[in-house]
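Hello,

Here is the structure I said I would pass on. My notes on its pockets and its ligand follow below.

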Amino acid sequence: MIDQDHKNMTFAAIRKDQAGFRITPNLADYARACAEFSWQSVERDLSSGRQGSGLNIADEAVDRHAAGPRALHLALRWLGKQGEVLDYTYADLRRLSNRFANVLRGLAIGKGDRVFVLAGRIPELYITALGTLKNGSVFCPLFSAFGPEPIQQRLAIGEGNVLVTTDTLYHRRKISELRESLPALRQVLVIGGGDMTAPPNTHSFHELMHTASEEFTLAPTDPEDMALIHFTSGTTGKPKGAVHVHQAVVAHHITGKYALDFHPDDVFWCTADPGWVTGTSYGIISPLTHGITSIIDEADFEAERWYRIIQEQKVTIWYTAPTAVRMMMKAGTEIIRKYDLRSLRFISSVGEPLNPEAVMWGQEAFGMPIHDNWWQTETGGIMIANYNALEIRPGSMGKPLPGIEAAIIQKRKDGTVIELKADAVGELALKPGWPSMFRAYLHEEERYRKCFAGGWYLTGDLAKKDADGYFWFIGRADDVIKSAGHLIGPFEVESALMEHPAIAEAGVIGKPDAMIGEVVKAFVSLKKGYEPSEALRKELLGHARSRLGPAVAPREIEFQSSVPKTRSGKIMRRLLKARELGLPEGDLSTLEND
Ligand code: ATP
Ligand code: MG
């Protein structure tokens, strides 16, 4: 129940022994860093203005290092599905992204034009992203698993001028048919499977790259020029197209330093796909601005493959998502013991609430907790984090990073906003002004405007702040359950269920009820070795009642082989609810198909 205190601490705080750090954390003195912080000084640390050309994300990510002592440092190591390995230094990335920028220029694609990519995690995607930004064009990644309709919708909303895709996806997703309804789409570049032939009315990506020059003069970009379009995950409804500008790189950079603790010798692995904002902000941009090495794995999740990658690549910092953590928990800790994972020094997670159970499982499995952090497509970068030096309170998202002002607010009927006191539940709000804040929702001005009130950006998430400044996620405003006068956050119920050894995943909804408003219903999937049965259902109901009390515990539990999730791994409670109530399922473009 969110208006009581019992949710906070099921598990004891995890203190960080300063002597136990292999490297001193970047954010060791939080109070001082917050007091001394200024965005201007971060921007000055970057090379802005180096070429008299304002600020450009790709310049900060690649050229800055290619022109200095890190030119030959490994920037990206790509691991192919079939065991291939390709390495790219900063100098390589400079040359290749220059080539792609020249390709665009040769096709008369210029500043502000939108370049979409529909591809798996292949090197061409990364080169396209960086070359696009150098050219002053706008990069928009799509999930490669999208079907023709979501692709068409996003290209139409984003007014895509160029689509870069693979030969296979071009045919499978029927791109030639989609083009008829996309008048803005002038050029399609196809990445072939070895040869340089391309389907009619398209260009061969590799042929154009082959003939393009390696020298390119950066297109002058202003910090406020549009750089990225990211579609939201579609967890709560139809995805929105969030617009980000070049200045976002200032936030990408400093959050990598503070929240992910990047140091020069780190080998970083962000498991997110660039089709989701995490895979671009932290899968491409942030680590490159620090001149460190990133691992890219083309393949999808498979527990042993992942542990092998950490062992072989000596990954030091690992950024993943709660859904992946839950899958690893499902696979068990025995297989982890087969691998030497001692290179790891920091593990972090984003995208959904990280159940306290999962934070603690990190301790058992990897000898370190998993550090939750919170942000959104709209915020462009990490805002609230369990940074390395912070004492962890399992279940909390941590504290706002230096430069970020966060509060728990309540919007009154007259439109004014009041800040709530410690431990009160309200909407999580941020003070606008951080560089990676979205600048628009494409074609939805009114919706954008409504996100701001009383000098705050309203996130649509409910949370509370404790007396020590830790933020605790309660739920999305849309998901909160009202039952017999109580407000219940589904996360709290899901976390309690997750504490039971049989549960792999849980999704909780409110089901309309004439007597008490809504009753709590849980959908659960089971770990290996457990089978659905009446006896187990009763046991789970009993476990939840003893953990949460009868007012909050689910009245119903339904077994499912898996809980529906978005492609970025978020539980789609709205879909569970629609199915339960026999209502239209709404936009399913981001639904992951198991
Ligand atoms: P849509 O806006 O289309 O419904 P979405 O909100 O899931 O989709 P994203 O921008 O990818 O799209 O996700 C941001 C949201 O994810 C946050 O607003 C929050 O609800 C949730 N989230 C992200 N990180 C965390 C976290 N660490 N703890 C709890 N919730 C989180
Ligand atoms: Mg959202």
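How many residues line the largest pocket, and which of them lie nearest its centre? The lining has 49 residues, and Arg 121, Asp 273, Glu 298, Ala 299 and Asp 300 are the ones nearest the centre.

Before the rest, some conventions. This is a predicted model, in which local features need pLDDT of at least 70 and side-chain atom pairs count only at pLDDT 80 or more, while totals for chains, interfaces and linings use all residues. Residues are numbered from 1 along each chain as its sequence is written, chains are lettered from A and ligands numbered from 1 in the order in which they are written, and side-chain values use heavy atoms, with hydrogens and water left out.

A pocket here is an open set of points on a 1 Å grid over the protein atoms alone, where a 1.4 Å probe fits, with protein on both sides within 12 Å along at least five of seven lines; lining residues have an atom within 4 Å of a point.

Largest pocket

Its volume is about 1,300 Å³, taken as the space filled by probe spheres set on the points, which are joined across faces, edges and corners. Strand S2 (85-89), helix H5 (123-134), helix H7 (167-172), helix H13 (322-331) and strand S26 (503-513) each give two or more residues to the lining. H13 has the largest share, five residues. (Helices, H or I of at least four residues, and strands, E of at least two, are DSSP runs numbered from the N terminus.) The lining has 18 nonpolar, 14 polar and 17 charged residues. Nonpolar covers Ala, Val, Leu, Ile, Met, Phe, Trp, Tyr, Cys and Pro; charged covers Asp, Glu, Lys and Arg; the others, Gly among them, are polar.

Second largest pocket

This one has a volume of about 880 Å³. Of its 40 lining residues, Gln 376, Thr 459, Gly 460, Asp 461 and Arg 476 are closest to the centre.

Ligand 1

Ligand 1 sits in the second largest pocket, meaning that more than half of its atoms lie within 2 Å of the grid points. It is surrounded by 23 residues (a heavy atom within 4 Å), the closest being Gly 234, Thr 235, Thr 236, Asn 373 and Thr 377. S14 gives the most to this shell, with three residues.

Oxygen atoms of ligand 1 lie 2.5 Å from a side-chain N or O atom of Thr 377 and 2.7 Å from one of Thr 232. The protein covers 97% of the 630 Å² of accessible area (Shrake-Rupley, 1.4 Å probe) that ligand 1 has on its own.

Regards

Note on methods:
Polar contact = N/O pair within 3.5 Å; in protein donor to acceptor, adjacent residues only side chain to side chain.
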